[in-house]
Amino acid sequence: MTEDLYITKRSLELEWQNEHLKSGKHNIRMIEINKQIQDVIKKIIAQEFEEETRISKINGSKPEVSIAT
């Protein structure tokens, strides 16, 4: 899922560049695109943090073994 967010971010960046090339200056659409890019970046950071937390919990957990006979 993180990969999808990176693809979305890159697509928005290209859209921003295209707008800039069309008008040659900043416009309202570029500001909207920039806000969308920032939202996607926040989602990427949150998701990567969640994945790292899950991995560290898995690596940090100790297996419980019963030695009952």
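Mentor: Happy to! Keep in mind that this is a predicted model. The protein has an accessible surface of about 6000 Å². The share of that surface belonging to carbon and sulfur atoms is 57%.

Trainee: What percentage of the residues of the protein count as buried?

Mentor: To count as buried, a residue needs a relative accessible area under 20%. The protein has 69 residues, and the share that counts as buried is 16%.

Trainee: Which helices and strands make up the secondary structure?

Mentor: There are 0 strands and 2 helices. One spans residues 2-23 and the other residues 28-60. Their names are α1 and α2.

Trainee: How are α1 and α2 oriented to each other, roughly?

Mentor: Their axes lie 9 Å apart, and the packing angle is about 165°. Angles over 145 degrees count as roughly antiparallel. So the orientation of α1 and α2 is roughly antiparallel.

Trainee: How many residues of the contact of α1 with α2 are nonpolar?

Mentor: α1 passes α2 in a left-handed crossing. Among the residues of the contact, 8 are charged and 7 are polar. The nonpolar residues number 10.

Trainee: What distance separates the C-alpha atoms of M1 and I44?

Mentor: Along the chain, M1 and I44 are 43 residues apart.

Notes:
Residues are numbered from 1 along each chain as its sequence is written. This is a predicted model: local features need pLDDT of at least 70, side-chain atom pairs count only at pLDDT 80 or more; totals for chains, interfaces and linings use all residues. Side-chain values use heavy atoms; hydrogens and water are left out. Axes are lines fitted to C-alpha atoms, for helices over the stretch in contact, and angles run from 0 to 180 degrees between N-to-C directions. Helices (H or I, at least four residues) and strands (E, at least two) are DSSP runs, numbered from the N terminus. Angles under 35 degrees count as roughly parallel, over 145 as roughly antiparallel, 65 to 115 as roughly perpendicular and the rest as oblique. A crossing is left-handed if the near helix is turned anticlockwise from the far one by less than a right angle, and right-handed if clockwise. Ala, Val, Leu, Ile, Met, Phe, Trp, Tyr, Cys and Pro count as nonpolar, Asp, Glu, Lys and Arg as charged, and the others, Gly among them, as polar. Buried means under 20% relative accessible area, exposed over 50%, partly exposed in between (1.4 Å probe, protein chains only). Accessible areas come from the Shrake-Rupley method with a 1.4 Å probe; for residues, only the protein chains shown count as cover.
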